[in-house]
Amino acid sequence: MQLNIDLNFEVGEVEDFEQIENCKPQKIFSTQVCDFFNALSKKILAAPEAKNFSDVVTFAFWCRKASITKMAENYQQENSRLGRGIIFHIAPSNVAVNFAYSFAAGLLAGNINIIRLPSKNFPQVEIICAAVKAVLADFPALKKYIYFVRYGHEEDITKFLSAICDVRVIWGGDDTIKKIRRAELKSCAYDVTFSDRFGIAVINAEKFLQAENKSKIIDNFFNDTYLTDQNACSSPKFVFWFGKKSAAARNIFWNLFQEKVDKNYTLQDVQAVDKLTNLYLLAAAKNVKFISGANNKITRVEIFEVDSELTNFQGNSGFFIECEISDLKNILPICGRRCQTLAYFGINSELLKNFVLENSPKGIDRIVPIGETLNFNLHWDGYDLINSLSRTIFL
């Protein structure tokens, strides 16, 4: 295959890429791949610049040997699975390290991976790319399985890469998905898409008031929300206060949270304008109460009735819609397909799982403690990524 498109390879060689269709997929969780990720983890953690970015360090811990081994245990019975072939990953532009997790899932599933890197120049991307290139020197056989590329908005490149792939993984929301889908796939290929989603948080008010580790809870909620400006599909946009003494719990929670945000977050002018616009739109459409904080770094809007239309007014950069509820069923109207993650504090996880199973909302694919919404898992958006990116050899 002659490469006649203008691709910038951050990782990978043109000569290998031109032979990509001759590269054979591997078994899932091959020893070579698992060893590669363990070496990558060590390389990243040893890089001084990586310590400045918690999301990079988190990825490094995620792909260390103990973590990969634990993931592989879930697929011990899947000894007849091979990768699909060529996976074309389109990473979101607003979440720095997402591309690395998508790549890892594709390689662990036994595939050749073309990853379109985020268009924004994140330093995290450079750190991970440099580590991958360095580690590949010790794993030369894997070089033909890994291509990190950059290109602009050239549709002809997207069409070319779509035409040769066996699975296309699209992150980045509804508009991105619609645009990318204009590029046709082979008849036997398919898309794995991650559309616009959001998260919610449910906090047991009495348990929060009783908690001795309130500062830890605050830190966890900050990590879930402000580390990605609430742009991650799992970040809570809605906060529900469950049980008695909600008023007292809310007052303490948000005061402590304000202190955390003031020390650790800078709000840009354009973000402030966007939040104000979103507030006016919501106030014009619904009966709400704006709760003014010490500054505009936290925008809180209290609602008195939960309905599905509220999901049209979700914001980011510290924009929270909150409500006091007396029953978990009160949250169901916003648990449609776009609701991805339910984060909780002070509520039994089994109770929450049974709540979802019994009420069968179209949404809620993940139930995790507050502080773990950004923790990537091979089960994401309802997909089992290893199974979705590999095939079974039936005997």
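Q: In this predicted model, which residue forms a salt bridge with Arg150?
A: The closest N and O atoms of the pair are 3.2 Å apart, and a salt bridge needs them within 4 Å. Arg150 sits in strand 5 and its partner in strand 1, so the pair ties together parts that are 140 residues apart in sequence. The partner is Glu10.

Q: Is Arg150 buried or exposed?
A: Buried means under 20% relative accessible area. Arg150 comes in at 14%, so Arg150 counts as buried.

Q: How many residues apart in sequence are the parts that Asp381 and Arg197 tie together?
A: These two form a salt bridge, with the closest N and O atoms 3.2 Å apart. Asp381 lies in the loop between strand 15 and strand 16, while Arg197 lies in the loop between strand 7 and strand 8, so the parts they link are apart in sequence by 184 residues.

Q: Which residues do salt bridges that share partners join into one network?
A: Start with Glu322 and Arg300, whose closest N and O atoms are 2.6 Å apart. Glu322 is in strand 12 and Arg300 in strand 11, and both are buried. With shared partners followed through, the network is Arg250, Arg300, Glu302, Glu322 and Glu324.

Q: Is Lys27 buried or exposed?
A: Lys27 lies in the loop between helix 1 and helix 2. Exposed means over 50% relative accessible area. Lys27 has 55%, so Lys27 counts as exposed.

How values were computed
Residues numbered from 1 in each chain as written. Predicted model: local features only at pLDDT ≥ 70, side-chain atom pairs only at ≥ 80, totals over all residues. Heavy atoms only, no water. Helix = DSSP H or I, 4+ residues; strand = E, 2+ residues; numbered from the N terminus. Buried < 20%, exposed > 50% of the residue type's maximum accessible area, 1.4 Å probe, protein only. Salt bridge = Lys/Arg side-chain N within 4 Å of Asp/Glu carboxyl O.
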